Amino acid sequence: MEIDLVFKIAAIGIIVAVLNQLLIRSGREEQAMMTTLAGLIVVLTMIVGEISQLFQLIKQLFQL
Amino acid sequence: MEWIKLVGMVLVSVVLIAVLKQYNPVYAILAALACCTILFVSAMGQFVPLVEYVSQLAQRISTTDILPVLKAVGIVLLAQIARDVCKDAGQNALAGQVELAARVLVMVAALPLFQQLLELISGLLV
């Protein structure tokens, strides 16, 4: 739950963007779309963990 | 010192999000969401003693429990995060809906207070 989460997301985003361009230039549009989806799923699973932690904290703090 | 770390983190992530927005806008939204979550959790760390102190003060003044107020605050804070993230992503309609839902829920949470208010007023009028 520190800033390294933001760094990880930024790194994945940039790497996926570069891979995307690489694959598109070499004529494999499908693989490019696949890698983008894969990267998105990885980041989403990380974020969902943090969001569930946030919701637990709010429920516990505010007795919601 | 904790506060300076947080501000530094925000500035760094703003720059990162700007870079991400250029290459991959979807990840910019996710990075912004992650940063909001981290900041909110660290801000809530200082919130528990504050709530205890306020409830002690409230008990001294009147017998009413501040639970409805606390629920309302929780709902509003969460709705604010959701609304702002929706606005950043460009979804103004969704932001409006989250705001509407939050208002309804706060009204529901504040119902016990309304009852007490009505009883108080009717007591005064008799």
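Let's start with helix H2 of chain B, where B:Tyr27, B:Ala28, B:Leu30, B:Ala31, B:Ala32, B:Leu33, B:Ala34, B:Cys35, B:Thr37, B:Ile38, B:Phe40 and B:Met44 are buried. Buried means under 20% relative accessible area, exposed over 50%, and partly exposed in between, with a 1.4 Å probe and protein chains only. Helices here are DSSP runs of H or I with at least four residues, numbered from the N terminus.

A word on the source. This is a predicted model: local features need pLDDT of at least 70, and side-chain atom pairs count only at pLDDT 80 or more, while totals for chains, interfaces and linings use all residues. Residues are numbered from 1 along each chain as its sequence is written, and side-chain values use heavy atoms, without hydrogens and water.

What do those buried residues pack against? In chain A, helix H1 (3–25) and helix H2 (29–61). In chain B, helices H1 (2–23), H3 (47–61) and H4 (67–88).

Now the interface. Contact means heavy atoms within 4.5 Å. Chain B brings 31 residues, chain A 29 residues. On the side of chain B that touches chain A, H2(B) gives the most, with twelve residues.

Last, B:Asn24. This residue sits in the loop between H1 and H2 of chain B. Buried or exposed? B:Asn24 counts as buried, because its relative accessibility is 10%. Leaving aside neighbours within four places in sequence, B:Asn24 is in contact with A:Gly13, A:Val16 and A:Ala17. Its side chain reaches the backbone oxygen of A:Gly13 at 3.3 Å.

How values were computed
Chains are lettered from A and ligands numbered from 1 in the order in which they are written. Helices (H or I, at least four residues) and strands (E, at least two) are DSSP runs, numbered from the N terminus. A polar contact is a pair of N or O atoms within 3.5 Å; within protein, one must be able to donate a hydrogen and the other to accept it, and residues adjacent in sequence count only if both atoms are side-chain atoms.
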